[in-house]
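Subject: Handover of a structure and findings

Dear colleague,

Please find the structure below, together with its sequence. My findings follow it, arranged by topic.

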Amino acid sequence: MSILDKTITLHDLKFVPYLSEEKVSKVIDEIAAQLNQEFRNEVPVFIGVLNGSFMFVSEILKRFQYDCEVSFIKLKSYDGVTSSGDVQEILGLEQSVVNRTVIVLEDIIDTGTTLEALLEILGNKNCKQVKVASLFLKPEVYTKKYKIDYVGMNIPDRFIVGYGLDYNGLGRNLTSVYQLKSEKMTNLVLFGPPGAGKGTQAEVLKDTYNLVHISTGDVFRYNIKNATELGTLAKSYIDKGQLVPDEVTINMLNAEVEKNLEAKGFIFDGFPRTAAQADALENLLSAKGVSVSAMVALEVNDEVLVQRLLERGKTSGRADDADESVIRNRIKVYYDETAILKEYYQKQDKYFGIDGIGAIDEITTRLSTVIDTL
Ligand code: AMP
């Protein structure tokens, strides 16, 4: 089934799949595990913030293994109507929380206005302590000082529905999460030397932005594994850490793009690697009325790359990861033949260098910050 087939319409807007039910469930498992660990010796009061949190509250409660109580509060935000973003209590808290541990359960925190109002209300109720757990957080727009104790997932500032969240009342009953469909095509060239983390980041970004990930290295490996003609041809180059000839690679890339014509965009990972490939990509995309949106490059120094690849070689089963001289040759080929593409995209104001060292999710955030501006 293509991405388009899964598009849904709520009122006047189209939404595309963003997070599967399994993914959301896993995220909730992780929060629940922490809550079980930390609150096993007391009877916490969970407070769900209506309407959006009802599903999250239910899932947390199902996973909480000790005695607990649950209550709800309903707040309405007048953001946009009054300049101060006033929040009004619609359905008050009936539960006594004096001297109790309160765990606020929110479906999503964006600017934090609602949370701030709620914490003010709870601040006057002599609770023993107040903790906050949110299924989603939009760190780019969260402006308040309060620490969110348990965050299921940081997400970009995109409009989402499902799993309790709505668009004008609809969508709350969806068991997975959808995001607003953008009509613009986003085509990213994920760039950087071997071992920079392109594949790892592409796996995350393709879900976040609903893009089709094409890794030329992966397609070659698939062909090698299945002993196709293309695979046999490519293997002799790959095993030595050399580039597969342009003509072969470009034809293969064209075929992969043609297979995914209804995609919202692509992440090209490991392509282009030569100027001829970059020209071919431009021709291919312009024939479809689109272009490369940006080259996002992960910058990592060579010694870190060698160490990462040797480490990966212990489990990847890739011959070209197992031998240090092949690894060094791949890095050399990158500088000799591929690094010039930085200038190619810089000339078009499309090059964005990103520090590729740090925790995986930190690097994802750095990439998202750039991609969100495109
Ligand atoms: P990668 O998985 O991107 O590290 O690629 C592994 C190997 O596949 C490379 O060392 C090359 O031999 C070959 N390869 C992948 N992409 C390309 C490309 N765009 N042009 C030429 N060879 C490629």
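In what follows, two residues are in contact when they have heavy atoms within 4.5 Å of each other. Please note that this is a predicted model.

Setting aside its neighbours within four places in sequence, Thr 186 is in contact with Leu 211, Lys 264, Gly 265, Phe 266 and Ser 293. Thr 186 belongs to strand β11 (residues 186-191). Its relative accessibility is 14%, so Thr 186 counts as buried, the cut-off for buried being under 20%.

Overall architecture

The protein chain has 374 residues, of which 46% count as buried. Its secondary structure comprises 13 helices and 15 strands. Along the principal axes, the C-alpha trace spans about 70 × 45 × 35 Å. Among contacts between residues at least 6 apart in sequence, 71% join residues at least 24 apart.

The two domains

The domain assignment divides the protein chain into domain 1 (8-180) and domain 2 (186-371). Six residues from domain 1 and five residues from domain 2 make up the contact between them. The C-alpha centres of the two domains lie 38 Å apart.

How much area is buried between domain 1 and domain 2? The figure is about 520 Å², and carbon and sulfur atoms give 46% of it. On the domain 1 side, Tyr 18, Pro 156 and Arg 158 supply 56% of the area buried against domain 2, which is more than any other three residues. As for specific interactions, there are zero salt bridges between domain 1 and domain 2, but two residue pairs are in polar contact. Strand β2 (residues 13-19) provides three residues, the largest share of the side of domain 1 that touches domain 2. By type, the residues on that side are four nonpolar, one polar and one charged.

Backbone geometry

Most residues other than glycine have a negative phi, and most peptide bonds are trans.

- Leu 50 and Asn 51 are joined by a cis peptide bond, with omega about 0 degrees. Asn 51 sits in the loop between β3 (45-50) and α2 (54-63).
- Phe 271 and Pro 272 are likewise joined by a cis peptide bond, with omega about -5 degrees. Pro 272 sits in the loop between β13 (265-269) and α8 (275-286).
- His 11, although not a glycine, has a positive phi of about 50 degrees. The residue occupies the loop between β1 (8-10) and β2, and His 11 is partly exposed, with a relative accessible area of 45%.
- Ala 227 has a positive phi near 50 degrees, and this residue too is other than glycine. Ala 227 is found in the loop between α5 (216-225) and α6 (229-238), and at 60% relative accessibility it counts as exposed.

Salt bridges

How many salt bridges does a search of the whole structure find? The search finds 25.

Glu 116 forms a salt bridge with Lys 144, and their closest N and O atoms are 3.5 Å apart. Because Glu 116 lies in helix α3 (residues 113-123) and Lys 144 in the loop between β7 (129-137) and β8 (150-154), this pair ties together parts that are 28 residues apart in sequence. Glu 116 is partly exposed at 24% relative accessibility, and Lys 144 is partly exposed at 24%.

Glu 203 pairs with Lys 206 in a salt bridge, with the closest N and O atoms 3.2 Å apart. Both residues lie in helix α4 (residues 198-209), three residues apart, about one turn of the helix. Glu 203 is partly exposed, with a relative accessible area of 40%, while Lys 206 is partly exposed at 24%.

Arg 366 and Asp 355 meet through their side chains in a salt bridge of 3.9 Å, N to O. Arg 366 belongs to helix α13 (residues 360-371) and Asp 355 to strand β15 (residues 351-355), so the pair ties together parts that are 11 residues apart in sequence. Relative accessibility is 28% for Arg 366, which counts as partly exposed, and 43% for Asp 355, which also counts as partly exposed.

With kind regards

Note on methods:
Residues numbered from 1 in each chain as written. Predicted model: local features only at pLDDT ≥ 70, side-chain atom pairs only at ≥ 80, totals over all residues. Heavy atoms only, no water. Domains from an automatic or database assignment. Buried area = accessible area lost by both parts, 1.4 Å probe. Salt bridge = Lys/Arg side-chain N within 4 Å of Asp/Glu carboxyl O. Polar contact = N/O pair within 3.5 Å; in protein donor to acceptor, adjacent residues only side chain to side chain. Helix = DSSP H or I, 4+ residues; strand = E, 2+ residues; numbered from the N terminus. Nonpolar A, V, L, I, M, F, W, Y, C, P; charged D, E, K, R; others polar. Buried < 20%, exposed > 50% of the residue type's maximum accessible area, 1.4 Å probe, protein only.
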